[in-house]
Amino acid sequence: MDDKMEELIPIVADLAKQYAGCDNTSITYENAQRLMHGVIFCLNEYHNSAANQLCRNDISIMEQYQTGRQLVFEKAKQILEIHNEMSSCFDDYNIICLRDTVQKGIPEFLKWYDAKFFPQDTILTLDYPILEDIHLK
């Protein structure tokens, strides 16, 4: 991957234009870094899809990125479909953290998840109750 890093710059530059609305001067170094991490995340998705016979090394980095990004979009779509299907018959068994995760956490994740620019961002936290008091006595 290191020898191909320079091939990622045009992909990140294109994403930066889209992200900043063609005003590249307003993008921060941190956001440029986050965009690069997103590109690498999509490439990893592509390369991890080898089990599905999708991974080919004879195509360009751009094509690998686009295929990986499409895989990310499809996974997000599947999460939404599964959640919608599951919600119709969901029983939380009066467990507050389970209810909050399924009825609040997952919808918020799906609402804010940015598969296009920042697919690597993990914006969902799952809160679980502890079984004993951890406060100092």
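Biologist: How far apart are the end C-alpha atoms of helix H1 (residues 5–20)?

Modeller: This is a predicted model, in which local features need pLDDT of at least 70 and side-chain atom pairs count only at pLDDT 80 or more, while totals for chains, interfaces and linings use all residues. Residues are numbered from 1 along each chain as its sequence is written, and side-chain values use heavy atoms, with hydrogens and water left out. Helices here are DSSP runs of H or I with at least four residues, numbered from the N terminus, and the expected span is 1.5 Å times one less than the number of residues. The 16 residues of H1 should therefore span 22 Å, and the end C-alpha atoms agree, being apart by 22 Å.

Biologist: Which helices are included in what covers the buried residues of H1?

Modeller: Buried means under 20% relative accessible area, exposed over 50%, and partly exposed in between, with a 1.4 Å probe and protein chains only. In H1 the buried residues are Leu8, Ile11, Val12, Leu15, Ala16 and Ala20. Counting contact as heavy atoms within 4.5 Å, what covers these residues includes H2 and H3.

Biologist: Which residue just after H1 takes a positive phi?

Modeller: Look just past the end of H1, where the phi is about 70°. The residue with that positive phi is Gly21.

Biologist: How many salt bridges are there?

Modeller: Side chains of opposite charge can pair when their charged atoms come close. The rule asks for a side-chain nitrogen of Lys or Arg within 4 Å of a carboxyl oxygen of Asp or Glu. By this rule, the number of salt bridges is four.

Biologist: Lys75 and Glu45 meet in a salt bridge; how many residues apart are they?

Modeller: Their N to O distance is 2.7 Å. Lys75 is partly exposed because its relative accessibility is 45%, whereas Glu45, at 15%, is buried. Lys75 sits in helix H3 (residues 61–87) and Glu45 in helix H2 (residues 29–48), so the pair links distant parts of the chain, and the separation in residues is 30.

Biologist: In the salt bridge of Asp92 and Arg99, what is the relative accessible area of Arg99?

Modeller: The N to O distance of this pair is 2.5 Å. Asp92 has a relative accessible area of 12% and is therefore buried. Arg99 is partly exposed, with a value of 26%.

Biologist: Which helix holds both Asp100 and Lys104?

Modeller: The closest N and O atoms of this salt bridge are 3.5 Å apart. Asp100 is partly exposed at 28%, while Lys104 is exposed at 53%. The two are four residues apart, about one turn of the helix, and both lie in H4.
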